[in-house]
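Q: I am new to this model and would like to learn how to read it. Could you walk me through its features one at a time?

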Amino acid sequence: MRLEGTMTQARPLRADAVRNRKKILDAAHLLITRHGPEVPMDAIAEAAGVAVGTLYRHYPTKTDLVGAVLSRHVERMTLAVEEAADRVRAGEHAMTELTALVSRVIEAAAQDHAVKAAAQGVGASYAPENDTRAAAALTELITAGQADGDLHSDVTVADFYLLLATAPLDQPREVRDRWLTLILPGFTAAAR
């Protein structure tokens, strides 16, 4: 006799496994940022304070590990966009939220530039559903900014992605801030 629903769902991770994953991801992020994708897996395990076997049990390949680090970064950025949209729904000014969001995303991207390069180098990727969530929240922010009369009516999500893609991530923060000060007004209704 077969019981319905048994063995159809994976067991949740034990608390120690969750802690180990976090330690591994934190160590991988730090070491890849500092040393690039060439950092050995055993160095990551050592920095995380776990056995090499534990690292490989969670992430069998460097591609898996770098993909997980990249996914965590993308999830954080997605949450930042969604939280900005939540604040606008609660009454905050859309242009203020968009400006702060773009600045935050550029700073995070500058810090994680090495991780993204490592991801490209090993062929790692992340879950595309984050792109869909981020685009939906960004669309909401843009629409609110346009309704307020602050953003030009033809500004799109693709324009913001282009803005982020062209940011001078390899420059010091002061240069990135100046770049944003010069570029962002081109998105506003007042600038045209």
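**Reading the helices, bridges and cores**

A: α4 has 28 residues and spans 40 Å from its first C-alpha to its last, close to the 40 Å expected at 1.5 Å a residue. The expected span is 1.5 Å times one less than the number of residues. Helices here are DSSP runs (H or I, at least four residues; strands are E, at least two), numbered from the N terminus. Just after α4, G91 takes a positive phi of about 115°.

Q: What should I know about the model itself?

A: This is a predicted model, in which local features need pLDDT of at least 70 and side-chain atom pairs count only at pLDDT 80 or more, while totals for chains, interfaces and linings use all residues. Residues are numbered from 1 along each chain as its sequence is written, and side-chain values use heavy atoms, with hydrogens and water left out.

Q: How many salt bridges does a search of the whole structure find?

A: Here is the general idea. Side chains of opposite charge can pair when their charged atoms come close. A salt bridge is counted when a side-chain nitrogen of Lys or Arg is within 4 Å of a carboxyl oxygen of Asp or Glu. By that rule, the whole structure has ten salt bridges. One of them joins the side chains of D26 and K22, at 2.6 Å from N to O.

Q: Where do D26 and K22 sit relative to each other?

A: Start with the helix in general. An α-helix has 3.6 residues a turn, so residues three or four places apart point the same way. D26 and K22 are four residues apart in helix α1 (residues 15-35), which separates them by about one helical turn. D26 is partly exposed, with a relative accessible area of 31%, and K22 is partly exposed at 48%. For these words, buried means under 20% relative accessible area, exposed means over 50%, and partly exposed is in between (1.4 Å probe, protein chains only).

Q: Which residues of helix α9 are buried?

A: In α9 (residues 173-183), R176, W179 and L180 are buried. Seen down the axis of α9, the buried residues fall within an arc of 95°, so they line one face of the helix. That arc is taken from the directions from the helix axis to the C-beta atoms. The face turned away from the buried side of α9 carries the exposed residues E174 and L182. Among the parts covering the buried residues of α9 are α5 (94-111) and α8 (157-165); contact here means heavy atoms within 4.5 Å.

Q: How many residues does the largest nonpolar core have?

A: A nonpolar core is a set of buried Ala, Val, Leu, Ile, Met, Phe, Trp, Tyr and Cys residues joined through side-chain atoms within 4.5 Å. The largest one has 32 residues, and L138, L141 and F160 have the most contacts inside it. At least two residues of this core come from each of α4, α5, α7, α8 and α9. The largest share, ten residues, comes from α5. Beyond its neighbours within four places in sequence, L141 is in contact with residues including V81, V88, L98 and L101. Apart from this core lies another, of 20 residues, among them L25, L31, Y59 and A124.

Q: How many aromatic pairs does the structure hold?

A: Rings of Phe, Tyr and Trp (its six-membered ring) pair if their centres lie within 6.5 Å; planes under 30 degrees apart count as stacked, over 60 as edge-to-face and the rest as tilted. The structure holds one such pair. F160 and F187 form this tilted pair, 4.8 Å centre to centre with 55° between the planes. F160 lies in α8 and F187 in the segment after α9, so the pair ties together parts that are 27 residues apart in sequence. F160 is buried at 3% relative accessible area, and F187 is buried at 11%.
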